[in-house]
Structure formats: structure tokens, C-alpha cells
Amino acid sequence: MADIKYDIVEEVGVVSESSTGWTKELNLISWNNREAKYDLRDWAPDHAKMGKGITLSIDELRQLKNLLNNMDI
């Protein structure tokens, strides 16, 4: 399997932290030297390991924000 390169351009914030120290984070990340996208996933404390996650363009992130604002939570 090819190496996946990533560059965390901006650490937006931590959503939660598990008892093992892993954190669910929203970050702006450039994957394989491509345009940076917003990314939500679990990270090890040193960012050396990661879990599965999702990436969103700025338009998708705005749409998600609108959907969440319309929820009754």
C-alpha cells in the first residue's frame, strides 16, 4: 500500500477525547499534496496514527453547518 502523506494546515478544534488519549478532531488537512479540506477523525496523541474519518470541502462543511443549525437538539 502506498504511503499517505498529510499536512495538518490548521487544527480547528477537538470534539472529544477518549480514555486512551485519542481525540476526535476537526482539522484542515492537505492529503497527498492536494488542496486542503476539512477533516473529522480520531487521532493518536502525537498525530502519528489516525482512525477512519470524513473529509469535507468548504461548501460541504457550510451545508453540514446549515443542517445542524436546523436540527432540534
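**Surface patch and fold of a predicted chain**

L64, L67, L68, M71 and I73 make up a nonpolar surface patch with about 510 Å² of accessible area together. This is a predicted model, in which local features need pLDDT of at least 70, side-chain atom pairs count only at pLDDT 80 or more, and totals for chains, interfaces and linings use all residues. Residues are numbered from 1 along each chain as its sequence is written, and side-chain values use heavy atoms, with hydrogens and water left out.

User: Which helix holds L67?
Analyst: Helices are DSSP runs of H or I with at least four residues, and strands are runs of E with at least two, numbered from the N terminus. The run that covers residues 58–69 includes L67 and is helix α1.

User: Is L67 buried, partly exposed or exposed?
Analyst: Buried means under 20% relative accessible area, exposed over 50%, and partly exposed in between (1.4 Å probe, protein chains only). L67 has a relative accessible area of 49%, so this residue is partly exposed.

User: What pattern does the chain follow along the sequence?
Analyst: The chain has four strands and one helix. Read along the sequence, their pattern is β-β-β-β-α.

User: What percentage of the residues of the chain count as buried?
Analyst: The C-alpha trace spans about 40 × 35 × 20 Å along its principal axes. The chain has 73 residues, and the share that counts as buried is 21%.

User: Among contacts between residues at least 6 apart in sequence, what percentage join residues at least 24 apart?
Analyst: A contact means heavy atoms within 4.5 Å. Among the contacts in question, the share joining residues at least 24 apart is 21%.

Conventions: Patches are made of residues with over 30% relative accessible area and no salt bridge: like charges are joined within 9 Å, nonpolar side chains (Val, Leu, Ile, Met, Phe, Trp, Tyr) within 5 Å. Accessible areas come from the Shrake-Rupley method with a 1.4 Å probe; for residues, only the protein chains shown count as cover. A salt bridge is a side-chain nitrogen of Lys or Arg within 4 Å of a carboxyl oxygen of Asp or Glu.
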